[in-house]
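Dear colleague,

Please find below the structure that I am handing over to you. My notes on it follow directly after.

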Amino acid sequence: MTVMDERKEQKAFFVMLAFVIIAVAALLSVLWIFGQGDLITKILISVGAAIMLGSVYLFLRSNSTWLKYFVFIVGASIGTIALVIMLMGCSSAPYTPPVDQDWITPSEVKVSNYGPGKEADGYIRIHNGDEATMQTERWEVITDPEETKFPICLKLPIADLEGVQVTSDNNGDSPTVAWYDEPTRQIGLSGFLPDAHRIITIKYEAVRQFAITVRLPDHCRKGYTPIDGEALSYVIVDATVSLQGRETLDVPIVLNVPEDIKIGDKPFEFWVTVMDANPGMIGTEMAQRWLINGE
Amino acid sequence: MKYFVSILLALVMMLALTFPALAATTADVTVTYTPQYIAIADNVTSYDFGSVAASANYSTSTTYVGITNTSSVQTDITIAVTGDTWTGGTAHTHSDTAEPGADTVAMWANRGGSWGTGDVIVKYASPNYIYENCPATTNFNYGIMIGTPTSTTDGIEKANTVRVSAAAG
C-alpha cells in the first residue's frame, strides 16, 4: 500500500465516521423532538434526512472499495427509511401533556342515541400544573374575657394540616391548631390569652381550586345547535374541585334530562369548562365539548 | 417492498391513534371520547388602566398578555368578558357592539398586531374569536383596549374579567 493509498483509506474512514456521527445525531434529534408533530418538527426531520443523504453523497465521492460503498449505501437507505417512517408517524405520535401546565382531557365527548329520561355518564380529567404553594394570612384578633380559642375561615383549602404554622405577636399566646373543617375551610385555633389583642400569622400549604361550569357553547360544531338552556341544569358535575400541586383528578359528569323536558330533535352541544377559581381580572378557560345526538 | 410496509405500518399507527380510546354505555346510550388535551394558560392576571377620562380609548400593548397553548389539537379560541356590567359603584354596562355611551364601556382585543387593524370586539354574549383554528402547541399574545363612557354617574373604580376560552377546533 502506498502512502497515497493509505491517505485515501484514512480519508474514507473519516468520511464514514462523519457519516455515522451525522446519522446518529439526526436520529437523536428526531427522537428528542418525537411527538411534537408540528411544522418545525417536520422541517427538522427533513433536514436530518437531507444531511444523511448528503453524507452518503460525500462518501460516494471518496475513494474506497465498492464493498464499503455498498454497505454504507444500504445503511444510509435504511436510516432514511426510518426517518421517513418517523416523519409520517410524527403527526400521530402519542402526546404527552406537560406536567407544569394546567390541562383537561378529553376535549370532546360524543353521546349517541340520547333522549330525555336517559342517562349519559362522562368525566373530565383536570390537571393542576402548579406546584404546591405556601399561603400566608394575617388576622387581627381581640379575644373576649375567658375566650381562649376561636375559628378562622381561610381563603384557600389546606393541603397538609400537619404543616400549618400559627404564630402570634402576643408573647402570652401559645397558638395551636385544634381542628379543621375542610368543606367550610374553617380552622379552629386555641391557646390564646383571654381579653387580649394580637396579630396572628397562619402559614399553610394551599390546594388550588378550579371552577367547573356547564354552559352554552361560544360556537358549535357544524350541524349542532346550543342545548336548551333549561336542559343545562340537568348536567350534574361538581362546581369546584381542589387539587394539590401537580395533581390530576377525574371529575364525573352525568347528563340526566328528565322525560318531561324538551331538548329538541337536532343534535345539540354544550360545554363543560374549567377555569382557575381565583383567576384575577384576566384568565383562561379550557372547554370540553359535549356533542349529543338524539335517538 | 420496504417502502410499502413502512407506509402501511405508519397508516395503521395513525388509524390506531385516532380510534376512540374509550367507549361506555348506559342503557342504549353510547358515550365516546377522543383522547385529546386542551391546555392554555396566561402570564398575567390583571391590568389597571388607572384614572381615565370620558370618551377616550386606553390600551395595553397588543402583546401584553402571553398565552401559552400546549393543546394537543387545533383549537378555536374566543375572548369575552364574564360580566355584562362593570362592577363598582354605579355599574357600567358592557357594550357588545363596542359603542361607549353613558355609563357604558366598550372593549376590543388585538392579537399581536397593530391597534386599528384586526381589532376584535370583546363581548359578553356570543364571544368573538381571538384565534380561530389555532394550531396545536402554538402560543400567541394579545392586548386589550377600552372605550370609556361618554359620561359617568360616579368616579368609583370599575372592574370586569377578561376570559380567553379554548375548545377543540
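A polar contact is taken here as a pair of N or O atoms within 3.5 Å; within protein, one of the two must be able to donate a hydrogen and the other to accept it, and residues adjacent in sequence count only if both atoms are side-chain atoms. By this rule, 23 residue pairs, both at pLDDT 80 or more, are in polar contact across the interface of chain B and chain A. Please bear in mind that the model is predicted.

The interface

Chain B contributes 52 residues to the contact and chain A contributes 48 residues. Between them the two chains bury about 4400 Å², and 58% of this area lies on carbon and sulfur atoms.

Two salt bridges are found across the interface of chain B and chain A. A salt bridge links the side chains of B:Arg163 and A:Glu285, at 3.4 Å from N to O. On the side of chain B that touches chain A, at least two residues each come from helix H1 (2-18), strand S1 (22-26), strand S2 (29-34), strand S3 (40-42), strand S5 (65-69), strand S6 (75-81) and strand S13 (162-168) of chain B. The residues of that side comprise 29 nonpolar, 18 polar and five charged ones.

Strand pairing also joins the two chains: strand S2 (residues 108-114) of chain A pairs with S2(B) in the antiparallel sense, over five bridges. Within this pairing, A:Lys110 stands opposite B:Thr32 of S2(B).

Sheets of chain A

Four strands of chain A form an open sheet with antiparallel pairing, in the order S1-S3-S14-S12. Its edge strands are strand S1 (103-105) and strand S12 (235-236) of chain A, each of which pairs on one side only. S12(A) is joined to strand S14 (residues 248-256) of chain A by two bridges, in the antiparallel sense; here A:Val235 has A:Leu255 in S14(A) as its bridge partner.

An open sheet of three strands in chain A has the order S5-S8-S7, and its pairing is antiparallel. At its edges are strand S5 (150-153) and strand S7 (176-181) of chain A, each pairing on one side only. On average, neighbouring strands of this sheet are turned by 30° against each other, direction ignored. S7(A) and strand S8 (residues 186-190) of chain A run antiparallel and are joined by five bridges. In this pair of strands, A:Val177 stands opposite A:Leu189 in S8(A).

With kind regards

Technical notes. Residues numbered from 1 in each chain as written. Chains lettered and ligands numbered in written order. Predicted model: local features only at pLDDT ≥ 70, side-chain atom pairs only at ≥ 80, totals over all residues. Heavy atoms only, no water. Contact = heavy atoms within 4.5 Å. Buried area = accessible area lost by both parts, 1.4 Å probe. Salt bridge = Lys/Arg side-chain N within 4 Å of Asp/Glu carboxyl O. Nonpolar A, V, L, I, M, F, W, Y, C, P; charged D, E, K, R; others polar. Pairing = 2+ DSSP bridges. Axes fitted to C-alpha atoms, helices over the stretch in contact; angles between N-to-C directions.
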